[in-house]
Amino acid sequence: MTLTTHPPAADQLLARLREQVGSPEFGERVVAADQDGRMALGNVDVLRALGITGMPLDRSLGPEGPSVRLMIEVMETLGAVDPSTAVALNMHWVGARTLSRLPSFPRRDEALAAIAAHEATICGAFSNPSAEVDSRRARLSCRIEGDEVVLNGRAGFGSMSEAATYAMLGGMVEDSDPDDPQMVMTVGRLGEPGLVLHRNWSAMGMRGTGSNDIECRDLRIPLADCLVVPISSVQEGRGIDPAIVAFGVTAIWLGLSQAAVDFTVDHVTHRYGYMAEGTFNPTTAAYRADEAWAQLGLGNLDHWVGTGRVLLQAMADRIDAGEDVPAPDLVRTLFHLRRMAEEVALGVMKICGAHGYVTAQPLERMVRDLFGGVVMAWKTDQLQLTLGVGTLGRPIRFTGPAGS
Ligand SMILES: Cc1cc2nc3c(=O)[nH]c(=O)nc-3n(C[C@H](O)[C@H](O)[C@H](O)COP(=O)(O)OP(=O)(O)OC[C@H]3O[C@@H](n4cnc5c(N)ncnc54)[C@H](O)[C@@H]3O)c2cc1C
């Protein structure tokens, strides 16, 4: 396996990103976005100005664009401070990469050029609307009428939508072959007649992702601006892409987990004494950092974050080296990083207690954001089950992100 080394342009990009995310203004926008339940639009502007939004299309970062290792390092760096914007950016990158693999059509070319110039971002709402739990009622329907495709329906969780110029749209063509239905993929221009952005994203954590519902109301798009293909051809062509999407998200969990552990180390170093004991006993008072139970808890977190980082970086390097990574290795890595996020979310709270739980401390938002990671498309138990099936020597696949 060859370890990935960054070209100089990539190192400079990372250095500039670290400087920006470390600035007080960047952090203040994260707090405001969380409180208001809106995207930190100023932080998206910073990413545009740095040349990060169009990164997947940037050939100055490598002959085939940036390495997976570079992309996860960007996500980890951003995820430590602004995980919501990082999730939105990751979903935008998914859209950019998907568009770049589609054959040319006018809207696709227009969006791709604007993204490459760091001028535009794209979102994709492919899940049930926020308040709709029955996926049978939540499909985007596509009707072909003459030389137009007419789209109707509402979808949810369109991360980045608040800052996006474009939306990926997709759905099944009505009355096509039920065994292999025709699928439409196209690009909507947010603000055009018939394409409605509902500013309804509201959640416990990851409140700044702008994951709004998007609705098509008789949205008419020229057939020449749509890709219409049998669904079987789309599934066959997916390759390693879902893994790259997944590992981008795990890098956000990693950055955020490290930030939560760093907060906890600082907290136990300064937290002195107990106020919640049944009997006041001054002989037990000490800094938490000097107590075995806190050290034990931190040891567990150090294990998860440290091993999570090693596994993720090794996986990125294998993908960058062109290895056809076997499904069990992909699943095991994703499973480990999900377990890391779960252990850290609960572990930091147990160590910091009530003084970490109050909104005066950033840990309160970090933990809600970590739970936002735990509820995303991949399921811990399902991954464990998949690993077990693989251990029995039976065939398994790496799937997701997908849901309804
Ligand atoms: C912050 C955030 C951003 C998102 N951004 C986007 C986006 O940009 N675009 C988009 O389309 N979607 C997005 N999503 C939606 C995401 O993909 C959803 O998780 C997905 O739609 C599934 O919804 P669900 O978790 O309610 O589903 P469910 O499948 O009902 O899962 C709920 C829970 O059930 C359990 N479970 C379900 N199936 C299994 C199984 N087979 N084995 C074991 N346990 C299982 C798990 O505990 C799981 O957490 C986002 C979600 C979040 C939280």
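Tutor: Two residues are in contact if their C-beta atoms, placed from the backbone, lie within 7 Å. By that criterion Thr77 touches Leu14, Leu17, Arg18, Val21 and Gly255, residues up to four places away in sequence not being counted. The model is a predicted one, in which local features need pLDDT of at least 70 and side-chain atom pairs count only at pLDDT 80 or more, whereas totals for chains, interfaces and linings use all residues. Residues are numbered from 1 along each chain as its sequence is written.

Student: Why is Thr77 called buried?

Tutor: A residue is buried if 20 or more other C-beta atoms lie within 10 Å of its own, exposed if 12 or fewer, and partly exposed in between. Thr77 has 20 other C-beta atoms within 10 Å, and is therefore buried.

Student: What makes the place of Thr77 a helix?

Tutor: Helices are DSSP runs of H or I with at least four residues, numbered from the N terminus. Thr77 lies in helix α4, residues 68–81.

Student: How is the packing of α4 with α9 described?

Tutor: Axes are lines fitted to C-alpha atoms, for helices over the stretch in contact, and angles run from 0 to 180 degrees between N-to-C directions. For α4 and helix α9 (residues 292–320), the angle is about 145° and the axes are 8 Å apart. Val68, Arg69 and Ile72 of α4 make the contact with Leu312, Gln313, Ala316, Asp317, Ile319 and Asp320 of α9.

Student: Which classes do the residues of this contact of α4 with α9 fall into?

Tutor: Ala, Val, Leu, Ile, Met, Phe, Trp, Tyr, Cys and Pro count as nonpolar, Asp, Glu, Lys and Arg as charged, and the others, Gly among them, as polar. The contact of α4 with α9 thus divides into five nonpolar, one polar and three charged residues.

Student: What makes a set of residues a nonpolar core?

Tutor: The set must consist of buried Ala, Val, Leu, Ile, Met, Phe, Trp, Tyr and Cys residues joined through C-beta atoms within 7 Å. The largest such core has 106 residues, and Leu312 and Val344 are among those with the most contacts inside it. Helix α8 (residues 241–270) gives the largest share of this core, 13 residues.

Student: How do domain 1 and domain 2 meet?

Tutor: The bounds, 8–120 for domain 1 and 135–236 for domain 2, come from an automatic or database domain assignment. In the contact, 27 residues of domain 1 meet 20 residues of domain 2. The largest share of the domain 1 side, nine residues, comes from α5.

Notes:
Helices (H or I, at least four residues) and strands (E, at least two) are DSSP runs, numbered from the N terminus.
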